[in-house]
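The sequence and the model are shown first, and the description follows.

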Amino acid sequence: MNNKNDGSLKNAILIKVDSKKEDTKTFTELSRLVDTAGYVPVHTIFQRRERPDKTFHLGRGKLEEVKAAIDLYNADLIVFDDDLSGSKLNNLEKYLDIDVFDRQTLILEIFASRAISGEGKLQIELARKKNMLPRILGKGVELSRQGGGGAGGGGARRGGGEQQLEVDRRTLRKEIEELTIKIEKLEEERGQRRSKRQKNRIKTVAIVGYTNAGKSTLMNLLTKAGVLADDKLFATLDPKTRRLWLNENKEIVLTDTVGFISRLPHDLINAFKSTLEEAKHADLLLIVSDASSDAVIDEYDTVCETLTSIGVKEDVNRILVLNKSDKGLNPIIPNAENTVIISAKYAEGINYLKEKISEILFG
Ligand SMILES: Nc1nc2c(ncn2[C@@H]2O[C@H](COP(=O)(O)OP(=O)(O)OP(=O)(O)O)[C@@H](O)[C@H]2O)c(=O)[nH]1
Ligand SMILES: [Mg+2]
């Protein structure tokens, strides 16, 4: 990895511990996530290990390698591809004297830094606060374990630290509670609006899929919606809905949604439930996949699992839209009942897709 940084951005070292061997794809997605979050991936460190270390996640020898790399690469931040407990993150930050993120925290940071409206924003705030809580709890345990007068800390200071932590903890818990109540209220209102809408029975189609698959590009092509399509992960966070005439007498409502990614933070899946309500109640799902991606099958599986976890029923109509055909199709593409090959960028295969939508919804 030889990324250049002019100094205005933070340098990140990427780390992964796995029982499997490292390969060329090991850090691909994490690098993109780090880049999307606005950091520069400057170096990667991989450790093959049956089981991560209980205290530091990494073995002690590797830890020294990380320490040296922090100096060598002028790193400001460590990002693990793995999910780490609050206490491991705390231990690492203390030992390495640098900010340490895990994959979930990074994804939450990305979501939190993007403009997103209403309920989605509250949900992300809630997810972040829940993510912070175990770290604060962990810090409390550390403080109470530190016996005697440690370097620079007298008994009074320590007591003050504990009091402050208790205040932080209580504030955080209270904020979590308040957010939960607010969100419940919004959910109720949304349910009421939906049942009103169900009276006018325009068929609804939701575009779903892995992040960066080309969902927004397809949405724009079909509806001229002017949704931001960008070569970043999670370019779309808020769902956008537009009407579309398939032909002079067949009208549908089309929704572009947030992209999925593997190992989404659990609380973000809850956040998705609200923004993906449209998908849950859609008459038809267009599952857009980047068919040129090496990971197309894993990505497709992640999408199907995420759909199930937000409560989308198996029997909802689906079309597998294999996008980016201009870049070449990966020979091992998932086998689904309704498959359409397109290039949203070059508007290829779109008429056939429209016909297929029409056939499924209107017979
Ligand atoms: N070559 C090629 N690139 C495409 C095609 N469709 C989309 N892209 C590119 O893929 C990138 C991601 O496209 P988006 O439409 O933003 O993807 P998305 O699925 O909405 O992504 P998120 O909102 O981030 O989840 C952009 O750089 C698009 O120009 C295609 O058919 N061919
Ligand atoms: Mg998008």
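## Overall organisation

In this predicted model, 68% of the contacts in the protein chain with a separation of 6 or more are between residues 24 or more positions apart. The chain contains 11 helices and 10 strands. It has 363 residues, of which 33% count as buried.

## Confidence

The protein chain has a mean pLDDT of 86, with 89% of its residues at 70 or more. Residues 147-157 have a pLDDT below 50, and this stretch has 3 contacts in the model beyond near neighbours in sequence.

## Packing of helices H1 and H4

Two packed helices are described by the angle between their axes and the distance between the axes. For helix H1, residues 28-36, and helix H4, residues 103-113, the angle is about 40° and the axes are 9 Å apart. The crossing of H1 past H4 is left-handed.

On the H1 side, the contact is formed by Leu30, Leu33, Val34 and Thr36, while H4 contributes Arg103, Leu106, Ile107 and Ile110. By class, the residues of this contact comprise 6 nonpolar, 1 polar and 1 charged.

How values were computed. Residues numbered from 1 in each chain as written. Chains lettered and ligands numbered in written order. Predicted model: local features only at pLDDT ≥ 70, side-chain atom pairs only at ≥ 80, totals over all residues. Axes fitted to C-alpha atoms, helices over the stretch in contact; angles between N-to-C directions. Helix = DSSP H or I, 4+ residues; strand = E, 2+ residues; numbered from the N terminus. Left-handed = near helix turned anticlockwise from the far one by under 90°. Contact = placed C-beta atoms within 7 Å. Nonpolar A, V, L, I, M, F, W, Y, C, P; charged D, E, K, R; others polar. pLDDT = per-residue confidence, 0-100. Buried ≥ 20, exposed ≤ 12 C-beta atoms within 10 Å, placed from the backbone.
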